[in-house]
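Let's take a walk through this structure together. Have the sequence and the 3D view at hand as you read.

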Amino acid sequence: MARRTFYDQWYRIGDLRIGLRGSVLVRRHEFRDEPWHVYYDPGHNGFYRARAETHDVIRRLTPERTLREIWTDMVQTAPETAPGQEDFFDIVTALYRGNLLHVEGTVDEARLLDRAATKKRKPLAQRISGLMFFRVPLWDPEPFLDRHRRAFDVIYSAPVVALVIALFLWAGAVFALNYERAFAQSRGILQAGNLVGLFLATFATHALHELSHAALCKRFGGHVRQMGIMFLILTPLPYADVTASWSFRDPLKRAMVGAAGMYVDLVSCALATLFWAYSPPGAANEMALNLMFVTAAYTFVFNANPLMRFDGHYILSDLIAIPNLHQAAQRQWNAEAKRLLLGEPLTVKARPSGRRRAFLVAFFAGAWVYRTLVMIGIVTFVADQYWGLGLVGAAAIAYSSFVMPIVKLVKPLTDRSFIARHRAPVHRMLIGGTVVFGLLAFLPVPETRRLEGVIEAATRTVVVAPVEGEIVSMPDRSGVQVAQGATLLLLTNPELDDQTAEIAAGIASNTARETQARANGGFALAAIQQERAELQNRQAENAQDIARLAHVAPHDGVWVLGKRAFHPGNWVSKGEPVGTLVDETVLKFLGVLPQAAAYGIGTLAPDRVSLRIEGARGTEVAVDTLSIVPWSQKDLPSAALSPLGGGGQSIDADEPDRLQSVERFFLFTATLAGTRPEGVLDGRTAWLRMELPPRPLLAQGWDRLRQFFQQRYTL
């Protein structure tokens, strides 16, 4: 407890005579062999959890003596462990708020509860937060839970749980087979026309989630006396007060109550996924997608993760027997920071075992990082649809995650007594901070950029079937060396032979009719001669098609089979690609250079550039010629750079066949030199690493941030 012996508000409660209500139950719990006591009033659903030293204070409360007499007696009998007046005030206030106290006579609630008038006003951010987050009780679910207790016994029985697990695994397998369609369809989930459906899905699943918490709490013997609507950033969502689970001695039961909401979420998510996967497009399919999206995102990103202060956090807190895990981790983090930065010794409470200290510090750091990343992801997702709303969210994250911690860190520096106690550590921190800032702002460090691209041969020929026919011979595998002039593709087509005979017969018949026409005075001679010309044209075209049955290599190269692997005996249609003849004597890298990242690239020398190729990432390839096409474009040089080929360049979803990038870019080319990896390199994805002139880290970071906003939001 704090060692503040006297408190200026003590006069408000010093003469009160109070005691615990007669209906209050006290249960002793143990967390890691540390005794705790839970005070629970089933009639009012009031709770309070206290450590052993706080329990020693509470058990002395009796209407037979005033609080002043009780406190004075504790100070006289045990001055080393007695609480200060402010600690005593806080304990009494907390018990009164929990409706656990009986007060002799009448009492003005302001004497216990209205501390805001006597202490500093809350910061503006906290007052705004109170308006953004509040609860409205609406319903006592206790009678409903009593009536349907048998149904809840069935729902949470072992066979039904096993059935739910099987259902979820089935839905997971179905989703894995349709995940591309799900992600493509979810891009418009925040469109204005879908917001009502999204909210209804969120409200319905959250209502079932909270009801499941209440039902399992009731099944284990707890009382749930309150359900209603809570407003989260002015968004109404259902809630249930299941603080009765705190009184359960078995930590597994408390954890199961915490997991009950996710149990229903899994059922909702699985059913919605199966309906979405097997239903035709329409309003019902869209609603199923909303349900699937909401329950999956809420469960796996937020609720089940112990790093967020939701159900997963409290489940972990119960299982590892560390009450108020987040607060304990934050206190340990602050204590360790004071020890390392200010040289303050750890207090008794902040000196657990070494493993527990390490866990708490790591947990707090991990929770802060994860929470910040999740919030940034959400803001980015929202900003893609609503830029203004995303900007407000970004400002809120910056304030809560960065500005406020810095303000709290700097605030003690305005206290002269703090400076006097920690003058040397503070000077060291100021000097160290100045040095770090100077290094970040002025020390040049190497800067590198990475471009994604594709390897392409300077000479390459896509071989297509000039006529339709059956393949007689061709290279049967990729990598076969082919010499210029060699027969690359040999086809046969009996229909061409039949056409040759047919045309020859037609010409012979035409010649006979022409002779007869001349003998009869030239009647119909012009029509016969026109027919003969058409037959001769057909004969010439047929002869050309027969000549095309044998396709020779136009240059030396390596044979690469096409997407469809043809073999002798297969029938191929006219114009169908069969493969590619690649001359890899000269290879080029074609890279996608975003417009915002083009600064400083034009002056690069080849010796500052290296290349790595897919399939041989361990081999670094040198380049000798660099160039940039001096105009921007959208057409990707290869499908391998698009998501269709496993690349990272987003393409226009409206015209995926055209392979047009969403953002304009410059085409960066580099000619490969030196030793190359073995195998056919044409068409492989590659990455170019460029070493730019050194610049300070702050300048590099600022440029990356500007590039992000320019590329994503075209600012």
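This is a predicted model: local features need pLDDT of at least 70, side-chain atom pairs count only at pLDDT 80 or more; totals for chains, interfaces and linings use all residues.

Residues are numbered from 1 along each chain as its sequence is written, and side-chain values use heavy atoms, with hydrogens and water left out.

Let's start inside. In soluble globular proteins, nonpolar side chains tend to be buried together. A nonpolar core here is a set of buried Ala, Val, Leu, Ile, Met, Phe, Trp, Tyr and Cys residues joined through side-chain atoms within 4.5 Å. Buried means under 20% relative accessible area, exposed means over 50%, and partly exposed is in between (1.4 Å probe, protein chains only). The largest such core has 26 residues, and those with the most contacts inside it include Ile-18, Tyr-48, Phe-88 and Leu-95. Strand 4 (46-51), helix 1 (52-58), helix 2 (67-77), helix 3 (85-97) and strand 5 (101-103) each give two or more residues to this core. Helix 3 gives the most, with six residues. Helices (H or I, at least four residues) and strands (E, at least two) are DSSP runs, numbered from the N terminus.

Which residues does Phe-88 touch, leaving aside its neighbours within four places in sequence? Its contacts (heavy atoms within 4.5 Å) include Trp-10, Val-57, Leu-61, Trp-71 and Pro-83. There is also a second, separate core of 24 residues, with Val-609, Leu-611, Phe-666 and Leu-681 among them.

Now for the charged residues. Side chains of opposite charge can pair when their charged atoms come close. A salt bridge is a side-chain nitrogen of Lys or Arg within 4 Å of a carboxyl oxygen of Asp or Glu, and the structure holds 23 of them. Look at Asp-56, which is partly exposed at 23% relative accessibility. Asp-56 meets Arg-59 in a salt bridge of 2.8 Å, N to O, and Asp-56 also forms one with Arg-60, where the closest N and O atoms are 3.5 Å apart. Arg-59 counts as exposed, at 54%, while Arg-60 is partly exposed, at 24%. Asp-73 and Arg-65 form another salt bridge, with 4.0 Å between the closest N and O atoms. Elsewhere, salt bridges that share partners join Glu-447, Arg-449, Arg-695, Asp-703 and Arg-706 into one network.

Next, a pair of helices. The axes of helix 11 (residues 251-278) and helix 13 (residues 311-319) come within 8 Å and cross at roughly 165 degrees. Axes are lines fitted to C-alpha atoms, for helices over the stretch in contact, and angles run from 0 to 180 degrees between N-to-C directions. The two helices are therefore roughly antiparallel to each other, a label for angles over 145 degrees.

Finally, two single residues. Ala-321 sits in the loop between helix 13 and helix 14 (325-342). Ala-321 has a positive phi of about 60 degrees although it is not a glycine, and it counts as buried at 16% relative accessibility. Gly-228, in strand 7 (residues 227-232), is buried too, at 8%. The C-alpha atoms of Gly-228 and Asp-241 are separated by 8.8 Å, with the two residues 13 apart along the chain.

Notes
Angles under 35 degrees count as roughly parallel, over 145 as roughly antiparallel, 65 to 115 as roughly perpendicular and the rest as oblique.
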